[in-house]
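Trainee: Could we go through this structure together, one question at a time?

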Amino acid sequence: MDHLFIINPAAGKGRSVQQLEEDLTRLAVHHQVFYTKQAGDACKIAERAAADGKPARLYACGGDGTLNEVVNGAAGHDFLAVTNVPMGTGNDFLKLFGPNYRGIFSNLEALAAGPQAAFDLMDCNGKLGLDVICAGVDARIAAGVHKYKRLKGVSGRWAYLLSLAEQVLVWGICRPMTVSMGADHWTQEPTAILCVCNGRHYGGGFMPVADAMPDDGVLDVLRVGKVSLPTFARLAGQYAKGLYWKYPALIRAYHGQEVSFSAREPITVVVDGEIMRDTTFTVRLSEKKVNFFYPAGASYSPCV
């Protein structure tokens with residue numbers, strides 16, 4: 001079994017590359033180390049491992065974006081398995097495993113020897129996602145964060161708040177969108193949030209569907225239609241806690257295999273932190289799966 005560590009040196013404020021390199025010197029299993037230099041490198045490294053055809057465990061060392069790239073390169077290959085060594089600011093997907101996910105997934109020995117499970121994937125116009133896909137004001141806020149983070153002296157939190165203020169107060173919460181999910185269909189209706197969950201967390205602190213599971217063969221989709229600013233502010237905290245079911249008049253839920261949406265103007269869509277823009281999207285449960293490994297004793301079942 002090969003163990004390939006794919007390290008993104010540009011990852012956020014999590015574990016440092018130096019700390020990881022020190023831990024790797026003590027790792028008992030034989031391993032190889034690769035460093036990414038630009039976007040797409042992690043996916044290419046995973047694709048080369050797939051082309052080799054040898055059983056391997058791939059360690060995406062970075063944030064959700066690095067994990068997404070490795071997943072896209074490894075998906076559909078039973079002899080490969082993927083995990084995430086947390087080095088990003090969020091690592092939202094790993095929050096499936098509880099609040100101590102950073103400590104759990106930083107134990108490389110336990111990680112290397114751990115079990116694995118076949119996880120579902122979401123196919124969004126050919127881009128695979130493992131965690132959450134969003135296409136409303138939340139996606140526009142997430143996309144805008146990158147712009148503000150480039151400003152000198154602006155931290156990640158302030159970049160988020162500035163992007164939130166711009167999108168909500170300047171550009172408005174809703175966009176006209178045609179949405180089909182199951183038996184429900186809306187034609188060019190105002191849409192505030194459209195969220196497709198395979199995992200449970202995104203945006204640093206949102207958990208829209210608290211009991212979503214990455215291996216149940218179901219996509220959990222939420223749509224928030226037209227809402228005023230006061231209603232949006234009141235609803236945001238409840239939405240973030242996974243309490244959508246308390247507001248059936250405002251939040252429509254669908255649990256199935258496919259959702260499609262379109263608009264006359266390009267829609268900003270975020271797939272596991274990766275930004276896409278187009279006028280028409282279809283998100284469906286992918287035929288491909290990815291093996292995800294984790295330390296023994298860790299659980300991704302929702303807390304009761």
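**Rings and burial**

Mentor: At 0% relative accessibility, Tyr59 counts as buried, a word that means under 20% relative accessible area, with exposed over 50% and partly exposed in between (1.4 Å probe, protein chains only). This is a predicted model, in which local features need pLDDT of at least 70 and side-chain atom pairs count only at pLDDT 80 or more, while totals for chains, interfaces and linings use all residues. Residues are numbered from 1 along each chain as its sequence is written, and side-chain values use heavy atoms, leaving out hydrogens and water.

Trainee: How many aromatic pairs does the structure hold, and what kind of pair do Tyr59 and Phe293 form?

Mentor: Rings of Phe, Tyr and Trp (its six-membered ring) pair if their centres lie within 6.5 Å, and planes under 30 degrees apart count as stacked, over 60 as edge-to-face and the rest as tilted. The structure holds 15 aromatic pairs. For Tyr59 and Phe293, the centres are 5.1 Å apart and the planes stand at 85°, and the pair is edge-to-face.

Trainee: Is Phe293 buried or exposed?

Mentor: The relative accessible area of Phe293 is 0%. Because that value falls in the class defined above, Phe293 is buried.

Trainee: The charged end of which residue sits over the ring of Phe293?

Mentor: A charge sits over a ring if NZ of Lys or CZ of Arg is within 6 Å of the ring centre and within 35 degrees of the ring normal. Here the charged end lies 4.2 Å from the centre of the Phe293 ring, and it belongs to Arg57.
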